[in-house]
Amino acid sequence: MGVLAFCALKRQVKNYLQLNLSLLYWILIAPFTGQFFKIAPIFRQMVFVGVRAAPMVALTAFSVGVTLAMQAAHSLESLGAQMYIPDLVMLTLLREMGPVLIAVIVIGRSGSAVAAELGTMKVSEEIEALEVMAINPVQYLVVPRFLAMMVMLPALTIFGNYIGIVGGWAVCRFALNFNTAGYIMRALESADTWDLYSGMIKSAVFAWIIITISCNAGLNVEGGAEGVGQATTASVVQALLAMLVMNAVLTGIFFFAG
Amino acid sequence: MSTDSTIIEVNNLVRRFGDRAVLDDISFNVHRGETLVIMGGSGCGKSTLLRHMIGSMKPTSGSVRIFGEEITAMKERQVERVRLRLGMLFQSGALLASLTVDENVALPLVQHTKKSPDEIEQIVKRKLEMVGLTGFEDLKPDEISGGMKKRVGLARALALDPELLFSDEPTSGLDPIMTAVVDQLTLKLAQGTHMTAVVVSHDMTSAFRIATRMIMLGHGSIVAQGTPDEIRNSSNPEVQQFIHGEPDGPIPLNLSQEEHKDHQHVRPRPFLGARFRFHHKRP
Ligand SMILES: Nc1ncnc2c1ncn2[C@@H]1O[C@H](COP(=O)(O)OP(=O)(O)OP(=O)(O)O)[C@@H](O)[C@H]1O
Ligand SMILES: [Mg+2]
């Protein structure tokens with residue numbers, strides 16, 4: 001039993017590393033041998049991963065901005081430091097909440113969809129058919145999804161940050177009678193560009209983790225519709241765990257070790 | 001043993017799933033221009049055999065040489081090079097569900113040729129006409145019937161004008177007229193372009209119409225092989241039972257072991273096959 005589980009784990013890790021290697025080949029090396037990736041499928045995936053997710057991201061980010069401002073108001077009131085509410089909203093969003101929450105949404109929405117889609121293709125022999133037509137599944141299916149995710153997750157994060165800050169402003173403006181210019185000034189003063197960049201680096205790393213885990217889960221499905229279901233669930237759980245652990249590691253590197 | 005005209009050489013191919021040998025020591029050759037029909041009962045390993053010939057499954061042991069090269073030992077790159085020369089129709093059609101009918105047929109052309117979109121459209125239209133399909137170009141695979149999927153799959157397999165065609169039950173699910181159309185297409189390609197074809201079929205009318213040679217699989221090995229005439233006049237009772245579709249005969253049904261013995265006791269069959277290998281255990 002233990003040995004079996006270990007072998008399965010070893011195979012999974014091997015598959016995952018292989019997928020990453022061949023992805024790197026198709027993105028970094030193949031374009032110089034004349035096999036440039038096609039642009040149209042990347043845009044199609046960008047619409048799916050990014051544009052369609054925007055409403056959900058906006059709603060989540062707005063609620064988080066509002067919540068953060070209310071909590072900050074509550075705690076800072078006793079210190080008489082309500083003027084620091086914009087700082088707290090801004091820094092929390094840029095450094096942590098923005099990248100993490102939006103990655104969570106994208107895992108639930110797009111990561112699971114990619115795993116299920118590729119898994120269904122696997123069990124209905126479509127992947128095998130591609131291979132027999134001498135079309136590499138990583139090049140044809142994974143590369144466009146990967147590039148779309150690498151562009152769209154950071155883009156969604158910037159968008160979400162902005163909406164979250166608007167949420168914080170709504171609380172300050174309407175409940176606490178801040179003036180708008182003051183909120184903006186304070187927020188901009190508190191954050192420096194590194195706060196933004198660190199969030200962007202995080203979301204790029206998360207994008208990599210999410211899309212490789214989902215694609216790998218989909219491409220290695222075995223055992224019919226049931227297998228597709230299991231792989232989809234597993235990909236969501238694994239991507240969430242990997243993303244949260246990586247977030248702790250990156251926060252440690254960016255804000256603790258330096 | 002192999003000559004210049006040998007395109008596929010299968011030697012002592014063994015494939016096990018768990019401890020069940022689905023293919024057990026299979027050897028045969030396919031020559032250029034031949035249309036080889038593989039027949040045999042459902043679940044006897046025909047599709048599995050095709051998968052080994054195109055290199056998408058690895059054998060437990062044995063060798064498969066295709067165009068003179070050992071496909072079981074090839075790297076991914078080399079396999080891709082070989083696959084550009086062959087077309088494959090899957091038993092399920094295996095069309096990409098996210099693409100329309102004409103995008104499916106165009107896929108190999110878009111990926112592997114530098115043709116302009118107009119040229120590709122022309123070719124796709126011609127290939128779909130060849131299999132008797134027009135007016136369905138913009139539908140998705142789940143909006144067309146099973147028989148239509150088969151024919152789209154065949155059009156896609158033929159898109160790059162392969163010199164070697166594998167087709168897994170191309171006529172199952174087709175009406176008699178469409179069956180004849182597809183058979184005629186295979187014949188025309190075999191005679192006109194010297195395409196070699198390996199066709200899995202248990203439609204006997206169609207099989208005898210297109211075959212230049214036939215192989216019958218059973219119990220994981222080759223029960224009989226020969227020209228259509230040799231098969232038709234075979235004295236092997238298993239072959240006769242299969243080509244005439246009789247429920248009673250030496251081919252065991254899924255009876256329990258006890259019943260199986262009774263079954264054979266009641267209907268003993270004379271053993272006459274001298275010419276063909278005959279693996280069935282006599283009672
Ligand atoms: N991936 C697999 N894992 C385990 N067993 C398999 C696998 N693929 C095929 N088999 C087994 O191999 C045997 C042959 O299957 P195959 O699909 O080749 O049959 P077939 O001759 O094509 O049948 P049909 O005419 O019904 O299509 C079956 O008994 C099946 O259970
Ligand atoms: Mg089959």
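The model is predicted: local features need pLDDT of at least 70, side-chain atom pairs count only at pLDDT 80 or more, and totals for chains, interfaces and linings use all residues. Residues are numbered from 1 along each chain as its sequence is written, and side-chain values use heavy atoms, without hydrogens and water.

Start with helix H3 of chain A, residues 54-79. Helices here are DSSP runs (H or I, at least four residues), and strands are E runs of at least two, numbered from the N terminus. At 1.5 Å a residue, the 26 residues of H3(A) should span 38 Å, and the 37 Å between its end C-alpha atoms agrees. The expected span is 1.5 Å times one less than the number of residues. Its buried residues include Val57(A), Ala61(A), Val64(A) and Leu68(A). Buried means under 20% relative accessible area, exposed over 50%, partly exposed in between (1.4 Å probe, protein chains only). The buried residues pack against helices H4 and H6 of chain A, with contact meaning heavy atoms within 4.5 Å.

Turn to the magnesium ion, ligand 2. Its protein donors are Ser47(B) (OG) and Gln91(B) (OE1), 1.9 to 2.1 Å away. Ser47(B) lies in helix H1 of chain B and Gln91(B) in the loop between E6 and H3 of that chain, so the pair ties together parts 44 residues apart in sequence. Donors are N, O and S atoms within 2.8 Å of the metal (3.2 Å for Na, K and Ca); water is not among the atoms, so sites may look incomplete.

Last, the interface. Chain A gives 17 residues and chain B 23.

Notes:
Chains lettered and ligands numbered in written order.
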